Amino acid sequence: MAQTKSTTENMTKKIFISSTYEDMKPYRAKAMEALRQLQQTAIVMEDFGANTEPSIEICREKIKQSDIFVLIVGFKYGSIGEEGKSFVELEYEHALKLKKPILVYIVSDDAEIKVSLIDKGELADKLDQFKQKLKTNHTVKIFNSVDSLYGFVQESVKNEVQKIAKREQTSVLEGKEASHALKKFLLMPNRYQNREAIISLKVTSGFSGWRLKDEIVIALGLTLGDTIECDTNVVDDDVNQMLSDSLREINLFADGENATWLVDNVTHKGSIIKAHVKFVSKKIRGITSDTNAEILKVALVLVKGLDVTPPNYV
């Protein structure tokens, strides 16, 4: 089957930016600019509403929703929250607890910083302890300007997104995780294509075979003359909620031994297939009367058939 590259172009992730606020404004702005250039989504306190110091519970929920945790540390420890720890350290500990990928950037000791933005006394001691913890647990990037931070964020976030994309494309989702991924794919196919999942589908049509348009078969990375297709409906009610009727129906394609498995095991419409499938989304030219028009084809490709329940047993 056709392979696609793991790039940031079709793998948009949510990145939570954690730092103190007033002293880090220019650095936060530069980090957000770097994420925009990578077409990634920044989750930042500036977007939480009028309050630039949201509650730790709001921050924890936002961290839970994120894919990557970016931590920028300057010369201030920050507002104190639970257990005598700063909000920033509490956010970091929550990201650690949730096993989020954590990227750490610390301002160099020789960077030009206003004296008013440097902590003294007990807060400085707490900050030093926090920095030491970060240097022990992570590979830390030391920066001395907004431009150097920009470069570090672009490089490390891009690499981390590619790692996540590779893991997601090689792992097979099951259960509710598979259902949620399928629903997102049906709504936003370009973003969630190439995932693999085990799902249940109800067969609603007979098979199409060699009369399938060559352009579709080739675009999906399948074999001409050895590929079949049938219409299916998603069985899981969680997937169907808030989907239009047209989105609930999706084409299932298979070639080679997988096509043979479908023909041998699915003998009636209404059968329920449990299958390992791949989510595929391709722009295809030449499948309408306007031969120059590109049409987005959204489909499932059978990786392996697992089980079939005939309609009289459903």
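Which strand pairs with strand 10 in the antiparallel sense over 14 bridges? The partner is strand 11 (residues 294–309). Before going further, note that this is a predicted model, in which local features need pLDDT of at least 70, side-chain atom pairs count only at pLDDT 80 or more, and totals for chains, interfaces and linings use all residues. Residues are numbered from 1 along each chain as its sequence is written, and side-chain values use heavy atoms, with hydrogens and water left out.

Let's start with strand 10 itself, residues 272–285. Strands here are DSSP runs of E with at least two residues, helices are runs of H or I with at least four, and both are numbered from the N terminus. Two strands pair if DSSP finds at least two bridges between them. Because 10 of its 14 residues are buried, strand 10 is largely enclosed by the rest of the structure. (Buried means under 20% relative accessible area, exposed over 50%, and partly exposed in between, using a 1.4 Å probe and protein chains only.)

Strand 11 has another neighbour to look for: strand 9 (residues 249–255) pairs with it in the parallel sense over 3 bridges. In that pairing, Phe-253 has Val-301 as its bridge partner.

Now turn to the charged side chains. A salt bridge is counted when a side-chain nitrogen of Lys or Arg is within 4 Å of a carboxyl oxygen of Asp or Glu, and by this rule there are 14. One of them joins Lys-25 to Glu-22 at 3.4 Å, N to O; Lys-25 is partly exposed at 38%, whereas Glu-22 is exposed at 54%. Another links Lys-30 with Glu-33, their closest N and O atoms 3.5 Å apart. Both residues lie in helix 1 (residues 25–37), 3 residues apart, about one turn of the helix.

Asp-245 is exposed, with 61% relative accessibility, while Arg-248 is partly exposed at 29%. Elsewhere, salt bridges that share partners join Glu-83, Lys-85, Glu-89, Glu-93 and Lys-133 into one network.
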